[in-house]
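Let's take a walk through this structure together, one part at a time. Please have the sequence and the 3D view at hand.

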Amino acid sequence: MMKVRRYHPLSILFEFAAFLKSYAILAFVVVVNFGSDSWIARLGRILLLVSVALTIIASILKWFTRKYAVDELAFHLKSGIFEKTERTVYFDKIQNVQRHTSFLHKLFGMTSITFETGTSGMNSNVKFDALTRSEADRLESLVKEFMQLGNPTTDSETEKVAVTSERVVHFTPTRKDTIKASFTSFSFLIILVLGASLFSKVDQLFEVEDYVEGWIASVLTSGWIIAGIVVGLIVLAVTIGVIWTFVKYGNYEIASDEERIYISKGVLDETAFSIGKKRVQAVEITQSFMKRILGLAEVKLISAGNLGDDEDEVSSLYPFLPVKRAYAMIAELLPDYQVVPDTERLPRKSLLARLIKPYWFWLIVTIPLTFFRPEVFKLPIGWAIVSITLLVLLILSRVLGYWNTSYAVKGRFIQLSQGTFEKTTFLTRRDKIIEVSVKRTKLQQWFGLATIGLINRAKPVRHETLPDMPIEEARQFVKWYAERTKNVQLK
Amino acid sequence: MKDDIQAPTHCLAVESVPALRWGSTISHVIMLAIWGILYATSLYFSWWQWTHWMIYGVTALTLVSAIWSIGLRPVYFHKHFRYGVNDEFLQIKSGAFYESYELVPMAKIQAVSMNQGPVLRRFGLYSLEIETMGSSHGIPALPKEVAIEVRNQIARYAKIREVDE
């Protein structure tokens, strides 16, 4: 008989903290206007008090009614104050595991853990907001053990001995990496902007400028002092940037064993992510313009389960990896995957087809421009300049897009690279693709081109397309996909 | 279309042409009725002049679209739509101006549903909707027996489950 447990009592506290966070603005306004007698302040006070009381009662009742149990196959969850619900979530549906330890969690020696499934809808995950580390470890290891033992047929390609599953650390950023990262993220520029805007705010309030005018004038006359101040500001901004990057990306660790990949990061707010290698649906390599200049890349693992919010998205291998290191890392972590370096370009006729394609956006902008002929920059022909500039920019972006497009269909893999300034490479395996399509507009039919599309499991579902591939290649691609049954094992 | 897998060969029911025609006739009549009512109210309440022009414009557009979707599209649609079901894949090909070809492994199909609206019922037809994990595909007009057969076929093949999903 499995043991039915209550959630940890501290989850009441954490629920209340979450409530406070979401009502922080209201609470702040109410506290500031505490002495005020206007009806709106009174209403705010009453609202806040009522919702605080309700939340406390609800979270206590919730704690009394929510229970969970785990056996070697599934989570069993009971919940509901008035309407009772029982949920069973089988381990084999779990796509990835995320652990988030906020600063508050740390104070109490707690953590939170989320098991994401690939199903759609509200109840797509099993989440524990607050539990002790040992309990989280226990739950995670149960899921992990299930993946190893309970699924003898998980692997269709590589035969291997699942005895030694040693955890290997593949990457931790050095100090140099962190500094480089802080430069690419431009975070230090934000500090400067913030400083400037803060100054103007203060200036408006107290008219600082008038106050210190004489002083500033005397300072401005001395070049040395200006240079000193500028250097000081830059040093400050860079230091803050580095600290910020360190807090966010410090303690980064990418590790793996036979079955799973582990990514953890954060100094104050720790997040840890783990995914079964078999559950990786695709790999995405993104290079922003800045990262391309510095030769860095971000590698993301695509999972069928949710990956958390943008801010603490955790599926990313260190976002500032040198390109070569990134490719090597993919090979280390996912021996099933390989990045093909010699990808094929689209033929010239694709560029031609792309340039001929109607410029709808330009047309929509230009028609009213020719109609109203507004003056731009005090020039009577300003509207024409705007229109032409827009057209040139659009043509340039199409050329860039063509330049950055390449693809490779090799063995069991397909690799698509695209982008104008930012370049994204999408790499997936034939057996992970749900369906494929070939589409052709009339223009593409004339040029003998086609747009191929593929759909992968992810949240939300990934639709990847590669426009203007030669039609023979597109047919080859469909044939390649139709041969997927060779790699797929049936139950 | 390809060498190895057979290109889809099955057509839609012949009655799909009048069925599509009726369907779009009804929707266009409804649309024209709405514009008519709008026009009447605009006259009655003497709205601005430009509202009249707007209504003339959309009426003209509706008439053009009526010519296309009642007169021409049903014929072209029937002529170019092909589907195919075998034990491994569902294939759907459609369109001439915008040609589209889709290949879906049977094992990835999650649900099949048969639907019949009033127009389709008049012609004894059914439409099939096939859902995968990522998207949904439709076969718009099939005779009843064929629809049931195709549905059962898909249901039978889709039972095959792949390892590691």
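How many helices and strands does chain A have? There are 17 helices and 21 strands in chain A. Keep in mind as you look around that this is a predicted model. Chain A holds 491 residues, and 42% of them count as buried. Among its contacts with a separation of 6 or more, 59% are between residues 24 or more positions apart. Its accessible surface comes to about 27200 Å², with 65% of that belonging to carbon and sulfur atoms.

In soluble globular proteins, nonpolar side chains tend to be buried together. Here the largest nonpolar core has 30 residues, and the members that touch the most others are A:Val283, A:Leu301, A:Leu317 and A:Tyr318. Two or more residues of this core come from each of β10 (260–265), β11 (270–276), β12 (280–287), β13 (296–303) and α12 (323–333) of chain A. Another core, of 28 residues, lies apart from it; A:Ile302, A:Leu346, A:Trp480 and B:Leu103 are among its members.

Now pick out A:Tyr318. Beyond its neighbours within four places in sequence, A:Tyr318 is in contact with several residues, including A:Phe171, A:Pro173, A:Tyr249, A:Tyr252, A:Ile254 and A:Ala297.

Five of its seven residues are buried, so β11(A) is largely enclosed by the rest of the structure. Which strands pair with it? Four residues lie between the strands in the hairpin of β10(A) and β11(A), where A:Gly266 takes a positive phi near 100 degrees.

Elsewhere in chain A, seven strands form an open sheet with antiparallel pairing, in the order β14-β13-β12-β18-β17-β16-β15. Its edge strands, β14 (321–322) and β15 (344–345) of chain A, each pair on one side only. β14(A) runs antiparallel to β13(A) and is joined to it by two bridges, and A:Leu296 stands opposite A:Pro322. Look also for helix α17 (residues 471–482) of chain A, which lies across β15, β16 (406–410) and β17 (413–418) and runs at about 140 degrees to β17(A).

Let's turn to chain B. Chain B has four helices and six strands, and along the sequence they follow the pattern α-α-β-β-β-β-α-β-β-α. Of its 165 residues, 36% are buried, and its accessible surface comes to about 9200 Å².

Why does the length of helix α1 (residues 16–44) of chain B agree with what its 29 residues should span? At 1.5 Å a residue, α1(B) should span 42 Å, and its end C-alpha atoms are 42 Å apart, so the two values agree. Several residues of α1(B) are buried, among them B:Ser16, B:Val17, B:Ala19 and B:His28. The cover over the buried residues of α1(B) includes α2 (49–80), α3 (118–122), β5 (125–132) and β6 (136–143) of chain B. Finally, just after α1(B), you will find B:Ser46 with a positive phi of about 40 degrees.

Key:
Residues are numbered from 1 along each chain as its sequence is written. Chains are lettered from A and ligands numbered from 1 in the order in which they are written. This is a predicted model: local features need pLDDT of at least 70, side-chain atom pairs count only at pLDDT 80 or more; totals for chains, interfaces and linings use all residues. Side-chain values use heavy atoms; hydrogens and water are left out. A nonpolar core is a set of buried Ala, Val, Leu, Ile, Met, Phe, Trp, Tyr and Cys residues joined through side-chain atoms within 4.5 Å. Buried means under 20% relative accessible area, exposed over 50%, partly exposed in between (1.4 Å probe, protein chains only). Contact means heavy atoms within 4.5 Å. The expected span of a helix is 1.5 Å times one less than its number of residues. Two strands pair if DSSP finds at least two bridges between them. Axes are lines fitted to C-alpha atoms, for helices over the stretch in contact, and angles run from 0 to 180 degrees between N-to-C directions. Accessible areas come from the Shrake-Rupley method with a 1.4 Å probe; for residues, only the protein chains shown count as cover.
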